Amino acid sequence: MNIIVVGLSHKTAPVEVREKLSIPTPQMEAAIAHLCSFPHVEEATILSTCNRLEVYVVVRETDQGVREVTQFLADYAKLPLYQLRPYLFILLHQDAVMHLMRVSAGLDSLVLGEGQILSQVKHTHKIGQQYSGIKRILNHLFKQAITAGKRVRTETSIGTGAVSISSAAVELAHLKTSSLAGSRIVLLGAGKMARLVVQHLLSKGATQICVVNRSMEGARELAQQFKEVELRLCTMSEMMTVILESDLVFTATAATEPLLDRAKLEAVLEAHHSLQLFDIAVPRNVHSDVNELPNVQVFNVDDLKAVVAQNQESRRQMALEAEVILDQEVEAFEVWWRSLETVSTISDLRDKVEAIREQELEKALSRLGSEFGEKHQEIVEALTRGIVNKILHEPMVQLRAQQDIEARRHAMQTLRTLFNLEAASNEQYS
C-alpha cells in the first residue's frame, strides 16, 4: 500500500487551469466513486478550494495508481493529459503525508497561516467518509493532519492577523481607490467568502454596499450578521442594474460559468464609466474578455499575490516554528503506518498458536473423561489462554516497537520462518 497525492495549486497552475478542476460538493460523491472504481485505488478523497484541487488516494501499486488518478483529472478537466501534466504535482507517501500536514496548517496557502483551509480539510475528511472513499489509512492521516493544523494555530502565532483571500481583495481595492468610504460597492454572493469581504470592507470605512445573491434568503442571512449597518439586498435579476450604478464589484459566488462578460457589460456601461472588478471565485465569475473594455479593470485571485507578499515576511519565523510541530505529527503517523506492517504477522502467529492450544486442550479433556467437571474445564481453558497470551505478549510488543524498518522486517520474516506461518496461512485459505 502507498499514499499518494496528485493535484495542482496556486503554486503550479494559473487560475484558468485551476477552474477547470474545481469540483463542487454536489459532484463529490460521483467523483470519489469514480476514483474508487479504479482497480489500483483502495481509498480516495478530494480537497477542492479556490487555490487547489488535490486527490488523496491509497493505492496497491504506485505507478498504476498515479496513472489512474492523472487520467481521472484530465478527463474531468476535459484536457488532453499532455496539456494538464505540466501543472500537476505528484507526491508519494512521506512527502504526501507532510504535504497534507502543511496544507492543514496553512503553510502551503497563498496567504501564509490562513485559517479557512483547516475547515476545508475537515470538510474533505467528512465528505470522504460520507461517500465511503476514506477508510482506515486516510482516516488516520486526515485525523493526524487536522490535529497538526490545530496545534500550529494554538502553539504558534502564525494565524494572528493573517489575511484571507477576501481581506487581500479588499486591501487591493483599497490600494486602487482613493477611498472605499466614498465608493459604491456591489458584492455578488452571500457565502463565507462574501461575508469576509463585507467584514473587511466595513473595517476600511465602506458605507455603500449592495449584496446581490441568487436567493434573497441567503442575502438576508448575511445581512443579519452585520446589523450595525444597512446593506442593500438584491437578487441576480437586478445584477446589471446595480453594477451600472457602482464603482467596485466583488464576486464570490459558486457559479460554474462566468456571470459577467464583455458583452453583458458593454451593453449597459457608458464609455466614461470607470469600473473595477475583484473576482475571488474559482471558477471565475468574470470572463477574461472583460479586460478588453476601456475603463474596466479585472483582478482575480492570482492578482492578489503582491498584496499577500507584504504580509508574509512577518510570519516566516512563525512558519519555522510550525514546521517543528509538523515533523512531530508526521513522525507520529509514520510510527502508526509502520505498525501496520506487523499486523498480518502478529495475526498469523496468534492464529497458529491458538489453533495449537485448542487442539492440545481438546486432547487433554478427552483423556480426562466425562467425569471431569465443567467448572474444572473452564479453569483449564483459562489457564491455557493465559499461558498463550503471556508467551505472545513480549514478542508482539517488541515487534511493534521496532523503529528500524529493515530490522523489523527481518524479525517478521524470522517469525514467519520459525513458526512456518506461510504454510499455516495457505492452509487457512485453501
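Buried means under 20% relative accessible area, exposed means over 50%, and partly exposed is what falls in between. Keep that handy for the exercises below, which use a predicted model.

**Exercise 1. Is Ala194 buried or exposed, and which residues does it touch?**

Step 1: find the place. Ala194 is found in helix H9.

Step 2: apply the cut-off. Ala194 has a relative accessible area of 0%, so it is buried.

Step 3: look at who is around. Skipping neighbours within four places in sequence, Ala194 is in contact with Leu187, Gly189, Leu222 and Ala252.

Step 4: check the record. An unreviewed UniProt entry puts a "binding site" feature at Gly189, Ala190, Gly191, Lys192, Met193 and Ala194.

Step 5: Gly191 sits in the loop between S5 and H9, and at 37% relative accessibility it counts as partly exposed.

**Exercise 2. Work out how Tyr56 and Phe142 pair up, and which parts of the chain they tie together.**

Step 1: count the pairs. The structure holds six aromatic pairs.

Step 2: pick out this one. The rings of Tyr56 and Phe142 are 5.5 Å apart, centre to centre, with 80° between the planes. Planes over 60 degrees apart count as edge-to-face, and that is the label this pair gets.

Step 3: Tyr56 lies in strand S3 (residues 52–59) and Phe142 in helix H7 (residues 136–155), so the pair ties together parts that are 86 residues apart in sequence.

Step 4: Tyr56 is buried at 0% relative accessible area, and Phe142 counts as buried at 1%.

**Exercise 3. Now do the pair formed by Phe278 and Phe299.**

Step 1: widen the view. Both Phe278 and Phe299 are buried, and together with Phe250 they form one aromatic cluster.

**Exercise 4. Which residues touch the most other members of the largest nonpolar core?**

Step 1: name them. In this core of 37 residues, the answer is Ile165, Leu180, Leu201, Leu231, Phe250 and Ile280.

Step 2: find the elements behind the core. Those giving two or more residues include helix H8 (165–176), strand S5 (184–188) and helix H9 (192–203). H8 provides the largest share, six residues.

Step 3: zoom in on Leu201. Leaving out neighbours within four places in sequence, Leu201 is in contact with Val170, Leu180, Ile185, Ala206, Ile209 and Phe250.

Step 4: A second, separate core has 36 residues, among them Tyr56, Leu112, Val121 and Ala319.

**Exercise 5. Describe the surroundings of Thr70.**

Step 1: Thr70 belongs to helix H3 (residues 62–77).

Step 2: its relative accessible area is 8%, so Thr70 is buried.

Step 3: Thr70 touches Val6, Leu81, Leu88 and Ile90, not counting residues up to four places away in sequence. Take Val6: Thr70 and Val6 are 64 residues apart in sequence, yet 7.1 Å apart in space, C-alpha to C-alpha.

**Exercise 6. How many disulfides are there?**

Step 1: the rule asks for a pair of cysteine sulfur atoms within 2.5 Å.

Step 2: by that rule, the count is zero.

Step 3: compare two cysteines. Cys36 counts as partly exposed at 24%, whereas Cys50 is buried at 15%.

How values were computed
Residues numbered from 1 in each chain as written. Predicted model: local features only at pLDDT ≥ 70, side-chain atom pairs only at ≥ 80, totals over all residues. Heavy atoms only, no water. Buried < 20%, exposed > 50% of the residue type's maximum accessible area, 1.4 Å probe, protein only. Phe/Tyr/Trp six-rings, centres within 6.5 Å; stacked < 30°, edge-to-face > 60°. Helix = DSSP H or I, 4+ residues; strand = E, 2+ residues; numbered from the N terminus. Core = buried A, V, L, I, M, F, W, Y, C linked by side-chain atoms within 4.5 Å. Contact = heavy atoms within 4.5 Å. UniProt positions renumbered as here; feature names shortened; annotations may be inferred.
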